[in-house]
Amino acid sequence: MPNQILAFSLPKISESAKSNQDRFARSLDGSLIALSDGAGSSLYPKQWAKLLVEAFCHAENPIDRVSSSYHEWLKPIQEQWRQYYLAKITNPNRQWWQAGSASKRCGFATFLGLSLSNPDGSASGKWQAVAVGDSCLFKLEPDSDKLLSFPLENSEEFKSTTKCWSSLPDDSSFPPQFLEGYCQQGDIFLLATDALSQWLLANFASQSSEWKQIFELQRQEDFVRVIQQLRQKRSLKNDDTTAILIKILDEVSILPIP
């Protein structure tokens with residue numbers, strides 16, 4: 001089943017793209033897509049988020065592996081983060097803050113992974129998702145207002161802190177949640193970090209149709225315009241904001257990450 005993948009991201013107000021802690025990856029064939037939101041209060045969160053999404057999209061049957069034992073799945077990724085940390089602290093030119101502190105000794109990040117497949121070659125296929133934290137998956141069917149949301153289902157569920165995976169194996173990483181279903185041509189999946197997810201669920205609950213514009217985005221400049229307008233109205237909290245749209249279409253079209 002072919003699909004089109006569009007990725008949009010915008011850092012916090014007054015911050016550069018380099019400081020954006022959200023990371024996204026996809027497999028070459030577009031069947032695996034992952035999004036992670038690094039916690040800014042942790043140590044090297046962007047690198048931890050990057051390692052998580054790349055591990056998922058480069059793995060064979062990652063949903064099965066995470067489901068079998070997420071602790072075992074995390075171990076080699078945590079080792080990669082440790083090697084990154086060691087390289088930083090042994091660098092003779094390192095800054096004092098690069099060693100971390102008692103309260104900032106590891107990376108934390110949410111995680112959201114999506115797997116798409118159509119083993120029988122038909123126009124319909126199966127999807128599976130895994131999630132930790134408040135980055136959400138949405139599924140919208142064509143010509144429909146029926147919106148599936150996972151793992152959070154309403155805007156009141158979002159808190160100031162959320163469940164994360166830790167870059168240290170001795171820490172308690174939260175167990176992931178899983179969901180699966182079937183999809184067909186015309187369906188649209190959206191993976192979004194917490195600020196956009198919370199706004200979308202609140203707008204959907206208010207019976208407004210404004211939320212639908214997110215599923216119609218085609219260009220980064222349109223995403224920036226929409227997010228800036230929502231921030232100016234204080235409808236959307238000031239946070240790194242990322243949206244990944246996966247449209248089940250006739251032709252494969254994977255566009256570059258902005």
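Two residues are said to be in contact when heavy atoms of theirs lie within 4.5 Å. The model discussed here is a predicted one.

1. **Leu-191 and its surroundings.** Leaving aside neighbours within four places in sequence, which residues is Leu-191 in contact with? The partners are Ile-33, Ala-34, Leu-35, Leu-112, Leu-114, Cys-136, Leu-137, Thr-242, Ala-243, Ile-244 and Ile-246. Leu-191 itself belongs to strand 11. Its relative accessible area is 0%, and because buried means under 20%, Leu-191 is classed as buried. Between Leu-191 and Gln-213 the C-alpha to C-alpha distance is 15 Å, and the two are 22 residues apart in sequence.

2. **The salt bridge of Asp-187 and Lys-139.** The structure holds 14 salt bridges. In one of them the side chains of Asp-187 and Lys-139 meet, with an N to O distance of 3.5 Å. This pair links distant parts of the chain, 48 residues apart: Asp-187 sits in the loop between strand 10 (177-184) and strand 11 (188-192), and Lys-139 in strand 7 (residues 136-140). Are these two residues buried or exposed? Both Asp-187 and Lys-139 are buried.

3. **The salt bridge of Asp-145 and Lys-212.** The side chains of Asp-145 and Lys-212 also form a salt bridge, at 2.3 Å from N to O. Here too, distant parts of the chain are linked: Asp-145 is in the loop between strand 7 and strand 8 (147-150), whereas Lys-212 is in helix 5 (residues 212-215), 67 residues apart. Asp-145 is partly exposed, at a relative accessible area of 48%. Lys-212 is likewise partly exposed, with a value of 27%.

4. **The salt bridge of Asp-194 and Lys-237.** A further salt bridge joins the side chains of Asp-194 and Lys-237, with 2.8 Å between N and O. Asp-194 lies in helix 4 (residues 194-205) and Lys-237 in the loop between helix 6 (220-232) and strand 12 (241-247), so the pair ties together parts that are 43 residues apart in sequence. Asp-194 is buried, having a relative accessible area of 6%, whereas Lys-237 counts as partly exposed at 37%.

5. **A salt-bridge network.** Which residues are linked in a network of salt bridges? The members are Arg-219, Glu-221, Asp-222 and Arg-225.

6. **Packing of helix 1 and helix 3.** Two packed helices are described by the angle between their axes and the distance between the axes. For helix 1 (residues 45-58) and helix 3 (residues 70-89), the angle is about 140° and the axes are 10 Å apart. The two helices are therefore oblique to each other, since an angle over 145 degrees would be needed for them to count as roughly antiparallel. Their crossing is right-handed. Helix 1 contributes Gln-47, Trp-48, Leu-51, Leu-52, Ala-55 and Phe-56 to the contact, while helix 3 contributes Trp-73, Leu-74, Ile-77, Gln-78, Gln-80, Trp-81 and Tyr-84. By class, the residues of this contact divide into 10 nonpolar, three polar and no charged.

7. **Gln-78 within helix 3.** Gln-78, a residue of helix 3, is one of those that make the contact with helix 1. At a relative accessible area of 5%, Gln-78 is buried. Not counting residues up to four places away in sequence, Gln-78 touches Trp-48, Ser-166, Ser-167, Leu-168, Pro-169 and Ser-173.

8. **Backbone geometry to check.** Most residues other than glycine have a negative phi, and most peptide bonds are trans. Which two residues are joined by a cis peptide bond? They are Phe-150 and Pro-151, with omega at about 5°. Pro-151 is located in the loop between strand 8 and strand 9 (165-166).

9. **Positive phi values.** Ser-14, although not a glycine, has a positive phi of about 75°. Ser-14 is placed in the loop between strand 1 (4-10) and strand 2 (22-26), and is exposed with a relative accessible area of 78%. Gln-207, again a residue other than glycine, has a positive phi near 65°. Gln-207 occurs in the loop between helix 4 and helix 5, and counts as exposed at 74% relative accessibility.

How values were computed. Residues numbered from 1 in each chain as written. Predicted model: local features only at pLDDT ≥ 70, side-chain atom pairs only at ≥ 80, totals over all residues. Heavy atoms only, no water. Salt bridge = Lys/Arg side-chain N within 4 Å of Asp/Glu carboxyl O. Helix = DSSP H or I, 4+ residues; strand = E, 2+ residues; numbered from the N terminus. Buried < 20%, exposed > 50% of the residue type's maximum accessible area, 1.4 Å probe, protein only. Axes fitted to C-alpha atoms, helices over the stretch in contact; angles between N-to-C directions. Parallel < 35°, antiparallel > 145°, perpendicular 65-115°, else oblique. Left-handed = near helix turned anticlockwise from the far one by under 90°. Nonpolar A, V, L, I, M, F, W, Y, C, P; charged D, E, K, R; others polar.
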